[in-house]
Each structure stands twice: as C-alpha cells, then as structure tokens.
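Welcome! Here is a short briefing on the inside of a protein model: its pocket first, then its nonpolar cores.

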Amino acid sequence: MDRNIVVKRLYQCPDSLENAAIWFSQKWGIPSETYRDSMVTCIQKETGIPQWYLVFEQQRIVAGAGVIANDYHDRVDLTPNLCALFVEESHRYRGIARLLLDSARRDMGKLGFETLYLVTDHEHFYERCGWEFLTIVSDSDGNPVRMYAASTL
C-alpha cells in the first residue's frame with residue numbers, strides 16, 4: 001500500500017462538497033443533488049450518519065465512499081451501510097479501497113455501531129477485506145443483491 005494515501009472525511013474538507021457530489025454522481029449515475037443533500041448533512045453534523053470519505057491526489061478526487069443509513073435495499077434493520085465505494089481505475093491495486101473500508105469501519109465503531117453493512121454484486125473483493133457474506137436482500141427495484149457485514153470492533 002502507498003503510505004502517502006490519506007483518507008479525509010468530508011467534514012474536514014467542506015470546500016470539496018460540490019466536486020465530491022458531482023464526482024460520485026458521475027461514477028454511480030445517481031443525481032448529484034442526492035449526494036449533495038447527504039453531504040451537507042454530513043458536514044453540518046461532523047459525527048453520526050451520513051459520513052463521506054475522500055482520497056485526493058493533487059487536489060483531485062481519486063477515490064471515495066460513504067456511510068448512510070440504507071443503501072436502497074429492503075432490510076432497513078441492517079444499518080449503517082457503506083455505499084458508493086469507487087476508486088479511479090488508474091489508482092486501483094494500491095490498497096485505497098481497503099483503506100476506505102477500514103476507515104469507515106473504525107469510525108462507525110467509534111460511534112457505537114458494532115457492525116457495518118454493504119450491498120454489492122462483487123463476491124470476492126470484500127471477503128478479502130474481512131467482510132462476510134450475510135444474506136441476499138432486495139434492492140429498490142426488487143432485484144436480489146448480496147449483503148455483507150463487517151465488525152467495527
């Protein structure tokens with residue numbers, strides 16, 4: 001892993017809010033307003049949910065992730081959820097995704113959450129990062145999707 005990689009919580013760099021909302025929107029095809037609203041809440045609260053994490057290279061966002069209450073699935077009891085994890089292709093295989101995952105897990109543990117959840121169609125990546133397959137849930141369109149869980153302790 002590149003030791004120069006630093007994960008920043010969005011509330012530490014609030015001037016990045018607009019760029020971050022647009023960046024996540026471009027990666028996931030969800031309106032930037034949806035991200036912006038969540039990010040404004042994050043900055044105003046500093047702790048709790050939602051939280052947003054960014055990795056920069058020369059002031060350009062190269063990776064990010066969020067933690068929200070529910071990532072568009074039917075199991076609202078399984079909360080909080082890691083969401084929107086993305087690493088630019090040019091920055092993959094450098095440990096950035098794992099660093100984002102670990103940062104979110106650690107922060108959620110500090111906030112009193114024992115478990116962090118995520119939904120994904122990837123089967124092996126998260127397992128290599130210490131996550132365990134939990135169950136199949138239904139996404140907002142009713143499609144089955146894999147849910148993983150990780151201890152924050």
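## Pocket and cores

Strand β4 is the biggest contributor to the lining of the largest pocket, giving six residues; strands (E, at least two residues) and helices (H or I, at least four) are DSSP runs, numbered from the N terminus. This is a predicted model: local features need pLDDT of at least 70, side-chain atom pairs count only at pLDDT 80 or more, and totals for chains, interfaces and linings use all residues. Residues are numbered from 1 along each chain as its sequence is written, and side-chain values use heavy atoms, leaving out hydrogens and water.

**The largest pocket**
- The largest pocket holds about 1,200 Å³ of space.
- Of its 38 lining residues, Trp28, Leu85, Thr120, His122 and Tyr126 are the closest to its centre.
- Two or more lining residues come from each of α2 (32–45), β4 (81–87), α3 (96–110), β5 (115–120) and α4 (125–128).
- The lining is made up of 21 nonpolar, eight polar and nine charged residues.

- In soluble globular proteins, nonpolar side chains tend to be buried together.
- The largest nonpolar core here has 26 residues, and Val55, Leu82, Leu85, Leu100, Leu101 and Trp131 touch the most other members.
- Helix α3 gives the most to this core, with seven residues.
- Leaving aside residues up to four places away in sequence, Leu101 touches Leu82, Leu85, Leu118, Phe125, Tyr126, Cys129 and Trp131 (contact means heavy atoms within 4.5 Å).
- Another core, of 17 residues, lies apart from it and includes Leu10, Phe24, Tyr35 and Leu54.

How values were computed:
1 Å grid on protein atoms, 1.4 Å probe; cavity = no way out; pocket = protein on both sides within 12 Å on 5 of 7 lines; lining within 4 Å. Points joined across faces, edges and corners; volume = space filled by probe spheres on them. Nonpolar A, V, L, I, M, F, W, Y, C, P; charged D, E, K, R; others polar. Core = buried A, V, L, I, M, F, W, Y, C linked by side-chain atoms within 4.5 Å. Buried < 20%, exposed > 50% of the residue type's maximum accessible area, 1.4 Å probe, protein only.
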